[in-house]
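Work through these exercises on pocket lining and aromatic contacts. Each task is followed by its solution.

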Amino acid sequence: MKCYFFIITFACLALCSSCGDELADQLVGSWKGISWTVEGKEKPNPGKVQFVFNADDTYQASYGGESEKGTFRVFGRNLYTTAEGKLEKLVKFDFDEDLNLVFAMNRVGTSERIVLQKEVE
């Protein structure tokens with residue numbers, strides 16, 4: 001019985017890991033904000049939010065006058081970013097029907113949703 005549990009657990013972990021690799025590949029590129037809602041209310045100027053995810057698992061982000069860069073990893077639909085000199089952050093993500101990147105965040109108990117469109121290179 002323990003052997004079956006181990007095999008099933010290993011298979012599930014392998015499946016999640018391969019999904020994370022495929023999703024990480026889909027993230028690679030430049031993204032620009034097209035919508036940003038906080039507690040259901042639209043924020044102005046979502047286009048000021050920009051992310052670049054690179055194939056070497058590094059990223060750059062800018063929003064307004066702030067920016068950061070660091071490394072990222074994907075596990076399932078969780079995006080973990082570690083900005084230089086900072087602690088790791090977790091953001092839930094998915095892709096909508098138009099293949100836009102959707103971040104669902106909880107910033108100190110406040111729900112935020114950012115939709116980003118991939119820029120054509």
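**Exercise 1. Sort the lining of the largest pocket by residue class.**

Solution. The lining has 13 nonpolar, two polar and four charged residues. Here Ala, Val, Leu, Ile, Met, Phe, Trp, Tyr, Cys and Pro are nonpolar, Asp, Glu, Lys and Arg charged, and the others, Gly among them, polar. The model is predicted: local features need pLDDT of at least 70, side-chain atom pairs pLDDT 80 or more, while totals for chains, interfaces and linings use all residues. Numbering starts from 1 along each chain, and side-chain values use heavy atoms, without hydrogens and water.

Next, locate the lining. Nearest the centre of the largest pocket are Tyr 63, Lys 89, Val 91, Met 105 and Arg 107. Strand E8 contributes the most to the lining, with five residues.

**Exercise 2. Which geometry does each ring pair of Phe 51 with Phe 53 and Phe 103 have?**

Solution. Apply the rule: ring centres of Phe, Tyr and Trp (its six-membered ring) lie within 6.5 Å; planes under 30 degrees apart are stacked, over 60 edge-to-face, the rest tilted. Phe 51 and Phe 53 are stacked, at 5.7 Å centre to centre and 5° between the planes. Phe 51 and Phe 103 are edge-to-face, at 5.2 Å and 85°. Phe 51 lies in strand E3 and Phe 103 in strand E8, so this pair ties together parts 52 residues apart in sequence.

Now check burial (under 20% relative accessible area, 1.4 Å probe, protein chains only; exposed is over 50%, partly exposed in between). Phe 51 is buried at 13%, and Phe 53 is buried at 1%.

Definitions and conventions
On a 1 Å grid over the protein atoms alone, a cavity is a set of points where a 1.4 Å probe fits but cannot get out, and a pocket is an open set with protein on both sides within 12 Å along at least five of seven lines; lining residues have an atom within 4 Å of a point. Helices (H or I, at least four residues) and strands (E, at least two) are DSSP runs, numbered from the N terminus.
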